Amino acid sequence: MNTRPEAAPLLSVRGLAKYYGTRIGCTDVSFDLWPGEVLGIVGESGSGKSTLLSCLAGHQQPDRGEIHFDGRDLLAMSEPERRRLSRTEQAFVHQNPRDGLRMGISAGGNIGERLMAVGARNYGQIRETGLDWLGRVEIAGARIDDRPSAFSGGMQQRLQIARNLVTAPRLVFMDEPTGGLDVSVQARLLDLLRGLVRDLGLSVVLVTHDLAVVRLLAHRLMVMKSGQVVEQGVTDQVLDDPQHGYTQLLVSSVLQV
């Protein structure tokens, strides 16, 4: 798959750093993400991967560095501009779907709410789009008026994905999207995600501790330790022939399970 169909990266990060007092969240992180590319970020708990994702998504303000999205300086945007971007061209899939859903409204309402945030007003069209997206994420249309609290964990995660993708974002941030799910549910969700990423041409920044997930979904891989990127490259190359000692430990610990 050609992951670089355009001349310029969609997301460009240079020298990004975030500190919590004297503790390093992440430091000196630089990379480019190209249109249609999936970048996996792995590392143990406390490695800095979640801090990095939070800064990229605008949930935290970095202490240093630059983030450009499609040539626009994200750190120079006003808060209203950033919020609008997060509802249109960008999206965030949380590990716990309850953090990304409105549990008190229906499944269709969750999807429709994001459509209305970008200007949709025709109820019939909104409901029709909601039904279409429920089908895409393998949820029966008959469940459109059910609240997410009546859904299983896997269904809630699929609904969160539908809610996020309905506005056709160009860049999606995913934080452990398969975390906490049973193995069989994980496999179904991963297959769904892989198909959606391919069919919609999404660019994705994916944070996970699961190397099997990045091998299936990510074109490139970035390994973090103590807030720093210690290795990056094509996913299969990094996993099959890791150069850094920490990456070798990560891979070997998985192989020994």
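**A cysteine to start with**

Does Cys 26 count as buried or exposed? At 0% relative accessibility, Cys 26 counts as buried. Here, buried means under 20% relative accessible area, exposed means over 50%, and partly exposed lies in between, using a 1.4 Å probe and protein chains only.

Before going on, a word on what you're looking at. This is a predicted model, where local features need pLDDT of at least 70, side-chain atom pairs count only at pLDDT 80 or more, and totals for chains, interfaces and linings use all residues. Residues are numbered from 1 along each chain as its sequence is written, and side-chain values use heavy atoms, with hydrogens and water left out.

**Two cysteines, no bond**

Cys 26 has a cysteine partner to look at: the closest cysteine sulfur is in Cys 55, 5.0 Å away, and that is too far for a bond. A disulfide is a pair of cysteine sulfur atoms within 2.5 Å. The structure holds zero disulfides. Cys 55 is buried too, at 2% relative accessibility.

Cys 55 belongs to helix H1 (residues 49-56). Helices (H or I, at least four residues) and strands (E, at least two) are DSSP runs, numbered from the N terminus. Seven of the eight residues of H1 are buried, so this helix is largely enclosed by the rest of the structure. Among the buried ones are Lys 49, Thr 51 and Leu 52. Just after H1, Gly 58 takes a positive phi of about 85°.

**A hairpin and its neighbour**

Now look at strand E1 (residues 11-20), which pairs with E2 in the antiparallel sense over seven bridges. Two strands pair if DSSP finds at least two bridges between them. E1 and E2 make a hairpin with two residues between them, and Gly 21 in the turn has a positive phi of about 65°. Tyr 20 stands opposite Arg 23 in E2. E1 also pairs with strand E4 (residues 64-69), again in the antiparallel sense, over five bridges; there you'll find Arg 14 opposite Glu 66.

Thr 27 sits in strand E2 (residues 23-33) and counts as buried at 9% relative accessibility. Its side chain makes a polar contact with the side chain of Tyr 19 (3.2 Å). A polar contact is a pair of N or O atoms within 3.5 Å; within protein, one must be able to donate a hydrogen and the other to accept it, and residues adjacent in sequence count only if both atoms are side-chain atoms. Leaving aside neighbours within four places in sequence, Thr 27 is in contact (heavy atoms within 4.5 Å) with residues including Leu 16, Arg 64 and Gly 227.

**The six-stranded sheet**

There is also an open sheet of six strands, in the order E6-E7-E8-E3-E9-E10, with mixed pairing. Its edge strands are E6 (90-93) and E10 (228-234), each pairing on one side only. Neighbouring strands are turned by 15° against each other on average, direction ignored. Axes are lines fitted to C-alpha atoms, for helices over the stretch in contact, and angles run from 0 to 180 degrees between N-to-C directions. Helix H5 (residues 153-165) packs on the sheet, touching E6 and strand E7 (171-175), and its direction makes about 170° with that of E6.

The loop between E9 and E10 holds Ser 226, which has a positive phi of about 55° although it is not a glycine.

**What's packed inside**

In soluble globular proteins, nonpolar side chains tend to be buried together. A nonpolar core is a set of buried Ala, Val, Leu, Ile, Met, Phe, Trp, Tyr and Cys residues joined through side-chain atoms within 4.5 Å. The largest such core here has 46 residues, and those with the most contacts inside it include Trp 133, Ile 161 and Val 172. Helix H6 gives the most to this core, with six residues.

Leaving aside neighbours within four places in sequence, Ile 161 is in contact with Val 93, Val 137, Leu 189, Leu 193 and Leu 196. A second, separate core of 26 residues includes Cys 55, Ile 67, Phe 69 and Val 207.
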